[in-house]
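Colleague: I have the model open and want to go through a few spots with you. Can we start with the helix packing?

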Amino acid sequence: MPKLFRLLFFVVIGVLFLFYLFYADNNALPHLVEDANLYGFTVLAASGIGFGIITINGWLNKQIPWRSNVLGRFVAGLSLDFVFLGVTLLLFGWLANVLGLIDYDMFPEDMFIRQIELKLIVLSLITMFIVTLVEFNRFSYNEFTVGQIRKLKSQRKQLELQFEALKSQLSPHYLFNSMNTISSLVYRDPNIAENFIRNLAETFNYVLNTREVQLVKLEEEIEALKDYGYLLTIRYADAISLNIEVDATFNKKPVPPLTLQLLVENAVKHNVISSDEPLKIHIRATEEEVIVLNNKTGTPSQTASHKVGLDNIKNRYAFFTPKEISIENNDYFEVRLPMLSA
């Protein structure tokens, strides 16, 4: 809510207070002309009080955020607002008396609280309670709407990243290579061709089934990777090896889908693979991370590295953990993925 409207709210409340208190004392509302001094005093006091309370609440929102301590923020806001209101009313009342704007004894000799003052205290306390409640509701509404927008943006971004991973697995180049492999196998060994087609179908089935899934179990990812690994074995024979050593205790740990497959594909893409220079990929897991490591063949691939796959994985992991993915590119290429909580 803009500050001007909030100030106007306090002015309106102040005028309503004036009407109530004046009517309670005189059985009539203050005259617009004859009691102009009262109206002026009320508007001035209400504006000053409103500005002060808005400032106090803005400061409190930083010192005691609603998100971290609702009760503490509510009590602190109510207390400070009420104390500020009381001090400001006394100050404005004294100033108005000195300037002759109103004729009212702020400090009578007997120092007893009179009925009009008691009403003012009760009304002020109720008003401050309502103001603090409105502040909380405003915060809750903003948190809800902002939170929902942030959640939708996050979900949309994740879907975009998963779509990029999906496109990588369904790329024309990948399909062309797979079709060529099937074509050569059909006449040479129909049984292997059939197994290749089954594993290819399982791979695509996993890719399609996880296109809108944020996380899968590590065991599901590994099973899908085995299907993909079989395709690589048929294509490259003994020129490639995929060694997976992940203890069953980590099976239920979550992982973004296609993460391991993208890393294996990345290793294949950036190395020239041959029987003389085999590619060896090793995957293992610890309590802290999943490690994917591969050697470098003597002849690197001429395929340009745009780091699209790695960036995709980094961005997807960023939604689930503040821990960063570690990458080492020395004698071996090693990627360490933070282990996510189940």
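This is a predicted model: local features need pLDDT of at least 70, side-chain atom pairs count only at pLDDT 80 or more; totals for chains, interfaces and linings use all residues.

Colleague: At what angle do the axes of α1 and α2 cross?

Modeller: The axes of helix α1 (residues 3-26) and helix α2 (residues 36-63) cross at roughly 135° and come within 8 Å. Axes here are lines fitted to C-alpha atoms, for helices over the stretch in contact, with angles from 0 to 180 degrees between N-to-C directions. Helices (H or I, at least four residues) and strands (E, at least two) are DSSP runs numbered from the N terminus.

Colleague: What is α1 relative to α2, then?

Modeller: That angle makes α1 oblique to α2. Under 35 degrees counts as roughly parallel, over 145 as roughly antiparallel, 65 to 115 as roughly perpendicular, and the rest as oblique.

Colleague: Is the crossing left-handed or right-handed?

Modeller: α1 passes α2 in a right-handed crossing. A crossing is right-handed if the near helix is turned clockwise from the far one by less than a right angle, and left-handed if anticlockwise.

Colleague: Which residues make the contact?

Modeller: From α1, K3, R6, L7, F10, V11, G14, V15, L18, F19 and F22 take part. From α2, the residues are L38, Y39, T42, V43, A46, S47, G50, F51, I53 and I54. Contact means heavy atoms within 4.5 Å. By class, there are 14 nonpolar, four polar and two charged residues. Ala, Val, Leu, Ile, Met, Phe, Trp, Tyr, Cys and Pro count as nonpolar, Asp, Glu, Lys and Arg as charged, and the others, Gly among them, as polar.

Colleague: What does F51 touch?

Modeller: Leaving aside neighbours within four places in sequence, F51 is in contact with K3 and L7. F51 counts as partly exposed because its relative accessibility is 47%. Buried is under 20% relative accessible area, exposed is over 50%, and partly exposed is in between (1.4 Å probe, protein chains only).

Colleague: New topic. Is R73 buried or exposed?

Modeller: R73 is buried, with a relative accessible area of 0%. R73 is in helix α3 (residues 70-99).

Colleague: Which side chain does the R73 side chain make a polar contact with?

Modeller: The partner is the side chain of N57, at 2.9 Å. A polar contact is a pair of N or O atoms within 3.5 Å; within protein, one must be able to donate a hydrogen and the other to accept it, and residues adjacent in sequence count only if both atoms are side-chain atoms. Beyond four places in sequence, R73 is in contact with N57, L60, N61, I64, W66 and E135.

Colleague: And where is F136?

Modeller: F136 lies in helix α4 (residues 115-169). With a relative accessible area of 24%, F136 is partly exposed. Leaving out neighbours within four places in sequence, F136 is in contact with W66 and V70.

Colleague: Last one: how many residues of α8 are buried?

Modeller: 10 of the 11 residues of α8 are buried, including E265 and A267. N271 is in the loop between α8 (259-269) and β4 (279-285). The side chain of N271 reaches the backbone oxygen of A267 at 2.8 Å.

Note on methods. Residues are numbered from 1 along each chain as its sequence is written. Side-chain values use heavy atoms; hydrogens and water are left out.
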